[in-house]
Amino acid sequence: LSLTSTIDESLIVKPPTRLLRTPSVRLIDLTRMQQWKTILDQQRIKRREAKFRDSDGLHPLHWAAAGGPPVAVMQRLIDVYPSAAHKVDSEGSLPLHFAAHYNASKDTVELLTKVFPEAIHHQDKYGRTPLYHASDKSASLDVLKLLVRDDPTLITTPCHVPSRRQISVREAGIRTPLYVIWSAVMADRHARNNRTGKKWAKAVWMLETSYRFCHPRATGDDVTIEASLLSASIEMDVFLPEQVVSLLIDTFPDQLRIPDPLGRLPLAVAASTASYALSRLETLLRALLDAHPSAASSGNALTKRSVLLEGIAAGQPTQVLHLLLQAAPDLDGVEDPITKLPPSLLAAQAAPLTYFTENVSTKVAMDPFRLLVAKKQQEVVGPTEEPVPNEGTGVQAEPGHLETIYELLRNYPSQIQA
């Protein structure tokens, strides 16, 4: 038998060739799978594909920012649909949030900030900025510098959802990138003990940058932050874990004897600084006095003003002044070398510091030391010669302030005659 078919092959209907092609993969799937070469090899990317959003509100640019692609991939996606850099997902996150969170390259972050400069200020629905994500994760120092280049106040801007709820100043301070990055140092034994590595370098740079911006008069261009790290941590204590100052006292004991550009030793810096709570300031002063007791008797290197007079001039309450007086009783009643006033009159003209012992409005807690107000004033008239006053301070007859004046007069009745 013959096995040859008698069917006329010309009568067989063949399927169209186009049905045999490999189905095309969507752009958003390519970014999910990190198929960067495939994306770059495509001759044309359709705009509607770049505009596609998945169920979580993510565009292809979000997925690409999280996957660490070559910057050429990011540039191509942006060229097709530039508005994607402005789009947020279901949690309010921009592509820049994803880039900062997933340790994107410096070039990727720089490209996203160039396309949408205001993205550095954008907060997701949890209040987190891109800098907060970068500080909380393993972003490089170069990325941190890019994110704060145009606005150093982001380092101490609380990443908290604005609301009518009453929050404490300390709670706001804890939600800052500076607090987050120093918490990582305190949790890392190697960084904490050896003071080396990427975590330590990033934390020190963040502290230096915020300190120089918030206290320009206390930092000179020729002063390295390593030489004034202790003073910087005292000034910025509200934004740091409580253990940081103690760590730096043990790590840099020589800095207890080094004055800052204003001539103040670290003890004098603490005596003239408002903390988030009176009990916290007392803890700082005791730790500094225990480490360097003779600092209480040392005057300012420039003005010759004693630590006690620094506290009086700053408007510190009676509890703080008693602590300083016990450390250097011989200096009580000494005339102020700057104003030529006795302590009681110096206290009378000083604006009393306000300590928030209870929850305060979100607005006050977001900017307890008016750092953002100081920034706006510098933009208009340049750096101010005098520090910006604290929220709620002013020359007013508060009960605690009157008690301070009364105590000084009671200890030195001769001042009334003077």
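**Salt bridges in close-up**

**View 1. Arg32 and Asp29 form a salt bridge, with their closest N and O atoms 3.0 Å apart.** A salt bridge here is a side-chain nitrogen of Lys or Arg within 4 Å of a carboxyl oxygen of Asp or Glu. The two residues sit three apart in helix 1 (residues 27-32), so about one helical turn separates Arg32 from Asp29. Helices are DSSP runs of H or I with at least four residues, numbered from the N terminus. Arg32 is partly exposed at 33% relative accessibility; buried means under 20% relative accessible area, exposed over 50%, and partly exposed in between (1.4 Å probe, protein chains only).

This is a predicted model, where local features need pLDDT of at least 70, side-chain atom pairs count only at pLDDT 80 or more, and totals for chains, interfaces and linings use all residues. Residues are numbered from 1 along each chain as its sequence is written, and side-chain values use heavy atoms, with hydrogens and water left out.

**View 2. A network of salt bridges links Arg26, Asp29, Arg32 and Asp54.** Across the model, the count comes to 11 salt bridges.

**View 3. Lys37 and Asp41 meet through their side chains in a salt bridge (2.8 Å, N to O).** Both residues belong to helix 2 (residues 36-41), four residues apart, or about one turn of the helix. Lys37 is exposed, with a relative accessible area of 62%.

**View 4. Arg264 and Glu235 pair their side chains in a salt bridge (3.0 Å, N to O).** This pair links distant parts of the chain, 29 residues apart: Arg264 lies in the loop between helix 15 (243-251) and helix 16 (266-271), and Glu235 in helix 14 (residues 229-235). Both Arg264 and Glu235 are buried.
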